[in-house]
Amino acid sequence: MKESLRRLINTKFLVGTWICFHALIITAFLASIAVRGFNIDANFFNMLPDSTLGAAMGKADEKLSDNMEKSIFVLAGHEDFAKAREAAETAFNSLKDSDNFASISLYAENSAITEIEDFVAPYRWALLSEENINLLSTEEGAAEFVQNSLAQVYGSFTLTSLSNLAEDPFLLDETNTQNFLASIQEASTALSAKDGVLASQYDGKWYVMIRATLSEKGAAVASKTNGVATIYRVCEPLEKDGVRFVYSGTPFHSHKSSTSAISEISIISTISLSVVVIMLLLVFNSVVPLFASVMSVLISMGAAFCATMAIYGEIHVITLVLGTSLIGSCIDYSLHYFVNWKGHPNLTKTSSIRSHLLKGLFLSMLSTEICYIQLAFAPFGILKQMGIFSSIGILSSFLSVVCIYPLFPLPKNEKRVIKALKFYKTSPFKKHPKASIVFSASMIAIFAVIIALHYRDLKIENDLYKLYTFEGRVKEDQDLCAAITKYAPEGWFIIYGDTEEELLQNEEKICREIDKIQNKGYLATSRFLPSLEKQARSKAAARNLLPFAREQFAMLGYEESDYTAFLANLEKAMSKEISPKAELPSSVKAISDMLWLGEIDGKYYSIVLPVTLSPEEEYTRIANECGSAYYENKWKDFGLGLDHLTRLIIMFFCIAYAVILIVLKRFYTWKQTAKIASLPISCVLFIVSVFLLLRKSIEFFSLTGIILVFGLGLDYIIYMIENMKREKAENAGLDEEQEKTESKLEPFAIALSFLTTAISFGALAFSTFVPVHTIGLAITLGLIAAFVCTMI
């Protein structure tokens, strides 16, 4: 009676533990959804390492990326300009009222000129360009400027109104407006205004541009009605009769990667789960193991998803792709339980099966968790998510086996037979331990020889260009858009200062140096909002025009009184200064909002963005010489981040190795621990050898696979050693046939476990996304090595 009561209390406690664990995760998930919403991230840049620039600079870089990631260009092309314009207008009219766009524009409206003129007029004396300041610094230059202004007044066309000459006799408003427009024009480079739209001719076709910025709703990649999907839905039916749309911008790449990833998740999950289902049916000939195992996988993946979303507020689609590997890892525990549930008649209670397996399952889970949890501390979003996703999923599966599986009743004794077991042959090395040692040593020697012969190819290399390759229509459009617009920035200057004024002065210093090596071709906030120091120099230079003022008024037909009134109001006009908080014209604000990053951790940051290319060494030199600036090539910076993380993964490798061996030594003898310790070394040598033969570099993602093999591969040898220890204690007194059968159970379970896990990770090796492919390949190779080493 007491024993029955104890088992009942123990069962209730374990079931309660399982319920509380999952209820806590669901509660945290729902709370996260309520506060932060439901976010699936498919942005390619967000799966890459954090910036190597330091905390504050990294935040500035991240803020810029957030701004640029919502910007898109759509070009409507046709040999006939009128038809290209018509296609662009049709698309624009269908898109302009959509709440997927924070802003969208097609027309180069004349109202933009009026808006700019109204903005510059109060500050006309303070907004002269560096070129005009230098021109007015000499008497001859000032005289030239005066003559040019008169020529414009009596010429046939000016952009600005001439009704204000009494206040602006030297047409400073015209000069400043033209400078603003030229700076804005550089945002679209090769395109220029034609019949009210921005257009360019390339390779015999006219292209008309639609520019847009996605709203938060439009940028949601998990939505089938987001901005990119809306654009495709509107534009694709218009691609007929020679019309061709060109799409450019990060959102289009994110859309492609998300749809590809979702497709891959479906395919990989379906194949993995289908194979596992068939295997379970064939082996157990019962729906109970199948039902329990599938439910365990689904619950584990659901718990992993909810926990990751609750902790990070979002989950990247690549985490979901990698997370499909949980199918194999989680079923691992189920297989060991149900092999004994079905094929070990001497274990007459389900609680006995749990006790029989608990130590091996616990140590297996612990070694795997050590590896995955380490990833959660990596300074890399995808690894953090993968570490949490996998560790929670595996813990959930472990709890299901320990807490829930014993609730399933045992089959009748006559049905507790695994027919497939008769096809399993015991390893011949079991009877010849020395042969096992010789074989293992030979394999290690072969791997070492392969590595030695290819040592010149053995290098740790992280080339970001190999991680994501532009393919198909996306690649064609990206290349064509760059050719049409001549806009393909590869990097930018991140500039900082203690105050807004210092920041603007640092920007202007950079801009002056850029002007020396190229003709304009860059965007900067200071081109619209000059520093107070530059405004003072502008005013000082403009004063050199005053000696010409009386004659200028006479040439313009004004009276002496008008000249006197001009002088009376001059000092008040010159005292006006423009600040960074000024309300900019909408056409300028769109650019400034992208470039001006504002205050971050006590400093002010902004971006100067070259849109025409000069040698990167020149940009780097300018940043280094000017100080308070850094030139960043985004792709190279990510490569450096991956290099740093690769070194970090190697450190994790060593830490995991040491921690796991220390933990296992508390449970095993030195001889057993040494055998366990040799397995990771064999796995690493095998993976490296195969990668060298396949001419693949050893890089961050392959090393990530190696560290995960630690936890997954050690499971096999832990199960095998536990089985050997139990055989001596439990098989005494059994007849030869029973002993033979039961000695096969654990190796058979290991073989099934290997097949399911290898199928899951092996499926990842077929992914078209290089990081996922590399991790899947590395883990699959490592599992093969671990399985072979365990079984011999």
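Where is Ser98 found? In this predicted model, Ser98 belongs to the loop that joins helix H3 (81-95) and strand S3 (101-105). The relative accessibility of Ser98 is 18%, and the residue therefore counts as buried, the cut-off for this class being under 20%. A polar atom of the Ser98 side chain lies 3.1 Å from the backbone nitrogen of Asn100.

Helix H8 spans residues 227-235 and is mostly covered, with eight of its nine residues buried. The buried positions in H8 are Gly227, Val228, Ala229, Thr230, Ile231, Tyr232, Val234 and Cys235.

Two packed helices are described by the angle between their axes and the distance between the axes. For helix H17 (residues 500-517) and helix H22 (residues 616-626), the axes come within 10 Å and cross at roughly 145 degrees. The crossing of H17 and H22 is right-handed. On the H17 side, the contact is made by Lys509, Ile510, Glu513, Ile514 and Ile517; H22 contributes Glu618, Tyr619, Arg621, Ile622, Ala623 and Cys626. Classified by residue type, the contact of H17 with H22 comprises seven nonpolar and four charged residues, with no polar residues.

Methods:
Residues numbered from 1 in each chain as written. Predicted model: local features only at pLDDT ≥ 70, side-chain atom pairs only at ≥ 80, totals over all residues. Heavy atoms only, no water. Helix = DSSP H or I, 4+ residues; strand = E, 2+ residues; numbered from the N terminus. Buried < 20%, exposed > 50% of the residue type's maximum accessible area, 1.4 Å probe, protein only. Polar contact = N/O pair within 3.5 Å; in protein donor to acceptor, adjacent residues only side chain to side chain. Axes fitted to C-alpha atoms, helices over the stretch in contact; angles between N-to-C directions. Left-handed = near helix turned anticlockwise from the far one by under 90°. Contact = heavy atoms within 4.5 Å. Nonpolar A, V, L, I, M, F, W, Y, C, P; charged D, E, K, R; others polar.
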